[in-house]
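This report concerns a single protein chain. The sequence and the coordinates are shown first.

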Amino acid sequence: PAAESTAPARFKNSNTRGESHLPKANGDWWKIFHDPTLAQLETIGLSNNQDLRVAAARINEGRAQARVAAADFFPNVDVNATAERMRNSNTLPYQKGELIGANPFGGSSGGAPLILTNQPLTTTQNDFRVPAELNWEIDLFGRVRHQYAAARAQAEALENDFRAMQLSVSANVAGSYFMARALDSELDVLDKTVQTRRGAVKIAQ
């Protein structure tokens, strides 16, 4: 026969200070029944509900927006670091240049100019640049403060919606489970009634 599940008396009443003993919406309130089957069904229902997954994703998005809004209270530093390495090879073409003035190796000033031919040496050059830009908006008129408060309120509203949906899902699972248990109890009573009637028929026969 199916066991009967009853709610503890303290689940229905309040304490001496008038505070309700009802658990929070996001608590495992069904554990007060000490029914492992119900606890397993609640875990399955809450874990596989697609609406709850969407609501949880919205909470993460709302929290991220609140963090972005809070970042406006602090200075914004934009750093674009760049690094460049250049190397000149000695395999480049030869360069020729004319020496201006008297020929140091002899000859008259009016003679043929001295032509120097050289080849660039191999050189390596590193160029590092770290430009930084600092922006900080002073919240004189409360724009940043109000924007952050609105983002936090939106995030809290999404969390409350999630808790309400979580409570609704868990209540539906528990309601369906207790209805099934009640039907099991009725079937057990009907089976016993049928057996009793059959016994009465045999006695009558």
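The structure is a predicted model, in which local features need pLDDT of at least 70 and side-chain atom pairs count only at pLDDT 80 or more, while totals for chains, interfaces and linings use all residues. Residues are numbered from 1 along each chain as its sequence is written, and side-chain values use heavy atoms, with hydrogens and water left out.

**Confidence.** The average pLDDT (the predictor's confidence in each residue, from 0 to 100) of the protein is 75, and 67% of the residues score at least 70. Over residues 1-25 pLDDT stays under 50. For that stretch the model has 27 contacts (heavy atoms within 4.5 Å) beyond four places in sequence.

| Element | Residues | Mean pLDDT |
|---|---|---|
| Helix α1 | 36-48 | 90 (highest) |
| Strand β3 | 95-99 | 61 (lowest) |

**Overall make-up.** The protein has 3 helices and 6 strands, where helices (H or I, at least four residues) and strands (E, at least two) are DSSP runs numbered from the N terminus. Their order from the N terminus is α-α-β-β-β-β-β-β-α. Of the 205 residues, 16% are buried; buried means under 20% relative accessible area, exposed over 50%, and partly exposed in between (1.4 Å probe, protein chains only). The accessible surface (Shrake-Rupley method, 1.4 Å probe) is about 16100 Å², and carbon and sulfur atoms account for 55% of it. Of the contacts between residues at least 6 apart in sequence, 77% join residues at least 24 apart.

**The α2-α3 pair.** The axes of helix α2 (residues 50-70) and α3, lines fitted to C-alpha atoms over the stretch in contact, come within 9 Å and cross at roughly 165°. Angles run from 0 to 180 degrees between N-to-C directions. The two helices are therefore roughly antiparallel, a term for angles over 145 degrees. The crossing of α2 and α3 is left-handed, that is, the near helix is turned anticlockwise from the far one by less than a right angle. Residues of α2 that take part include Leu52, Ile59 and Arg63, and those of α3 include Tyr148, Leu158 and Phe162.

**Two residues.** Glu156 lies in helix α3 (residues 143-204) and is partly exposed, at 40% relative accessible area. Its C-alpha atom is separated by 8.6 Å from that of Arg63, 93 residues away along the chain. His34, in the segment before α1, is exposed, with a relative accessible area of 71%. Although not a glycine, His34 has a positive phi of about 55°.

Terms used: Parallel < 35°, antiparallel > 145°, perpendicular 65-115°, else oblique.
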